[in-house]
Every structure is written in structure tokens, then in C-alpha cells.
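This report examines side-chain contacts and helix geometry. Please consult the sequence and the structure shown here.

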Amino acid sequence: MSKRSLYSVRHIFLFFFLCLCRSLNAQYITIEDAVDASARFYPTLQAQRSALEALRINTDVIRANRMPNVRLLSQTNIGTANGLSGSYFSMGLIVPTSGGRRETNSGELATGNIALATADWEFYNFGRFRAEDKLNQAEVAVGEARLEQERFSLQQTVIASYLDVFWLSRQLLIEQRNLARVDTVRRVIANLVRNGVKPGVDSALANVAFARAQVSYGRVLANLEEARVTLATLTGRPGNAVQPDTVFHTDLLGQILTAPTPGYAHPLLRVGERLVARQTAETELIRKSALPRLSLLASTWARGTSLDINNNFGPLGDGLGYSRTNYLLGFAATINLPDLKRAGIRVRQQAFRIQQAQAGLSTQQLELQNRLSAADARIRVVNQQLAALPLAISSAQQAYAQRLSLYNNGVETILNLTDALRVLNSVEREVVQTRMEAVKLRFQRAQATNSYDDFYALFRR
């Protein structure tokens, strides 16, 4: 064996050894495993889950806000006590003073002590509490729908990324086979040229074909590495060690599929449907918020002062105890009449928001239906192309084998042989492209119907 041949054999063995090591280190996953892994790992879903939990906790916040208010106060003061008849709005800035009226202002000090306990409870408001509960439930439902929508969107991204890796792996196998065929032809021609059987130009053309095959192989390999890193990122796997499962049932591609029309259970429609319900619930809350509110009121307090019954200043220590106690019970009904007008305006505003949400929902449903119809129409055409693939690939293989045999026997030219190589490689690529298109259309159909069983069946063991 010549040194050059020995070098080539070693190079081939090294190449396959590296491929074997890479395969052992790779993590083979199915398309469903990739989707499940991303659903557990991806940060956007974690953020949506946290947002949903915050909405659910808001139920407890609303209930806590309805508890009776109970306030306790105790204070001890020292200051002047000069009173004067008259009324005023305190505006929260004027400190109230309780004292007798005198001819002149006095600078003497008096002490005072007061303890206060008050309670108020809004026990009935003509359905506002119930409307608040319904609005909160609608908010939670919207949050759940948004989580499902985010999960659905991530699923589409992961499946698309998985398919990129899957098909690029198939294309890389084609480029490997083409590179091996071109290399074989190149070696045969080089041997014939050395022996003077073929002209040198044949060897040059063979080298050109080999270089082009190498470039094509390298381009597909680079794209595969990039797609593998993307899939690894989406699934939380390390580096580019992710490899798609090789299972693929081509016999299922020609099946006729049926699925129901996209309904409101679809993740892309559920958000719109629940937004309509949420806007309707808010409309009801606006109406209820303008109605009267009924409350129970209670208060008790104790007070002491250093002023005596005749309003004379006494020892300051006398004001530190409690000398009078009182209590007060009440029932209050309150309504702000302008709120009725304001509520009417807001209800009309909500009516347009509901119409907007309903229109968006109808548009989204129509888009899904159009995508489903387009996929079904295209699938019928692609099925015809799939049926023609076996004959095309077998014919191209036979043509290449015959041209190679004829070339070795000196009948065919190098141009005819390389042409047969190009045709075979082109047909193999067309097979992958057609199958990829068929899978893409089934993926589009699964997206439109949110029914993935038939699609996953293509890749299940």
C-alpha cells in the first residue's frame, strides 16, 4: 500500500472515530422530549407562572380588604385650651381645640388624655363585592390563558428548532454521501490519468467537483451546528451536544388527515375569549360601584383633662387619667350621585372595548381557519410529489451507476459522469426538501387545530 493510500485510510478512520465519539457524547432526544424540557426550563414560562400566581393571590387581597376596619388610638397632650365660637373646614391642617370661651386669650397650660376605638364595616353594596370577585376570576382566567399561549408559542419555537436540526442532519448525510461519491470518482480518475488512460483535464474537473462538494458539506455542517446550539438553549441542554432522534415514519406522510375547526379551546383563541369575558366583568363592576353602600359604625372613647367643670385650669397631673367615657353606634348609607353619570360614561366606553376584543377574537379565528385550509390544499399537492419520489431516486441512482461503469470502460466522458453525479445529488436533496415541506404543512395544520398527535406520530418509535 502506498504512503498516500495509507494516509487516506488513516484519515478516514480518524474521521469516523471522531464522529463516533461525538455520537456517544450527544444527548438524543425526541421532539416531544424537547417540548417537555423547554416547558420545564424556559424563563419566559417561569415569568408567566409567577404572574399567574400573583393574580391568584389577589383573591386573598380582595377578601382581606373587606374585613371590618378596627382602629385604636391613645394620646396624651399638653397645650393651651382657648375656644371660640364658629365653624370652619379643618382641611386636615387645623388642630381642633376644646375649651371654654374667655374674654381674653390665656397662655396657661392644660393636660389631656384620650383613648379611642372605632370600627366600620361595609356589609352590603348591592352586588359590588360579587362583581369584584367575578372580575378577579376573569383576571385569573386571562392569566391562565396567557400562560397557555406562552407555552404554545414556546412549543412552536422548539418544534421549529428541532425540525431545523433534524432536516439539516438529513441534508448533512446527503452531502456526506455526495462527498464520498465524488472522492471515489476523483481517485478513480486520478489513477486512470496517472496510467495515461484519461487526459489530465478529467482529473482537474474531478478536483473541482470534489472542492465544491467539500464547500457544500461545510456550509450544511455550519448551519447544523448553529441550529443545534439553538435547540440546546431552548431545552436547557449543555452546548451543542443535542442530537435529534433518527426515527421518522415516511409512510405516514401520505395519510389524509382530518381535524375539527379551531375552537375557543385553542391557546391563541382562549386569550381573546377570556379578554371578552374580563371586559364584560369589568362593565358589571363599574355599574355596581355607583350604587349605594351600607355600613355599620361603632366607636367608644375615654377622655381626661386638667380643666375642671367650670373651665378653670387645674393641676396638670389631673389630666392624665380618664374621667369621661362614651360610645356610639350607627348605620350609614352613602352614595355619590355624580358617580351614576360617571359610571354610565365608563359603561359606554367598555362597550367599545368589548367590541374591540370580540373583533380581535374573530380575526384570530379566521386566520387559524385560513391557515388550516391553506395547509390542507397544499398537502394534497405535496402528496402527489411524495408518490413520485421513489421512482426519481431509483432512476437517478441507476443513471449514476451506469455512467460510472461506462466511464470506466472508456465510453462516457467526465462531463457526463459529473452530470449524473449532480442529478443524483439534486434528486436526493429534492427528496429531503419534499419531505420537509410535507412535515412543515402537517406542523402548520397542528398549529391551526392545536392537535399534535398525528404530527408527533411521524417521529414516535
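Which residue does the side chain of Lys 288 meet in a salt bridge? The partner is Glu 284, with an N to O distance of 3.7 Å.

## Basis of the model

This is a predicted model, in which local features need pLDDT of at least 70 and side-chain atom pairs count only at pLDDT 80 or more, while totals for chains, interfaces and linings use all residues. Residues are numbered from 1 along each chain as its sequence is written, and side-chain values use heavy atoms, with hydrogens and water left out.

## Salt bridges

Side chains of opposite charge can pair when their charged atoms come close. A salt bridge is a side-chain nitrogen of Lys or Arg within 4 Å of a carboxyl oxygen of Asp or Glu. The whole structure holds 26 salt bridges. Lys 288 and Glu 284 both belong to helix α6 (residues 267-289), four residues apart, about one turn of the helix; helices (H or I, at least four residues) and strands (E, at least two) are DSSP runs, numbered from the N terminus.

In the salt bridge between Arg 177 and Glu 428, N and O are 3.8 Å apart. Arg 177 lies in helix α4 and Glu 428 in helix α8 (residues 414-449), so the bridge ties together parts 251 residues apart in sequence. Glu 428 is buried at 7% relative accessible area, whereas Arg 177 is partly exposed at 40% (buried means under 20%, exposed over 50%, partly exposed in between, with a 1.4 Å probe and protein chains only). A network of salt bridges links Arg 66, Glu 122, Arg 128, Glu 132 and Asp 133.

## Helix α4

Helix α4 (residues 128-194) has 67 residues. Its span from first C-alpha to last is 97 Å, close to the 99 Å expected at 1.5 Å a residue (1.5 Å times one less than the number of residues). Gly 196, which follows α4, has a positive phi near 80 degrees.

## Aromatic contacts

The structure contains 14 aromatic pairs: rings of Phe, Tyr and Trp (its six-membered ring) whose centres lie within 6.5 Å, with planes under 30 degrees apart counted as stacked, over 60 as edge-to-face and the rest as tilted. Phe 123 and Phe 331 form a tilted pair, 6.2 Å centre to centre with 45 degrees between the planes. This pair joins strand β3 (residues 110-124) to strand β6 (residues 324-334), its members being 208 residues apart. Phe 123 is partly exposed at 31%, and Phe 331 is exposed at 53%.
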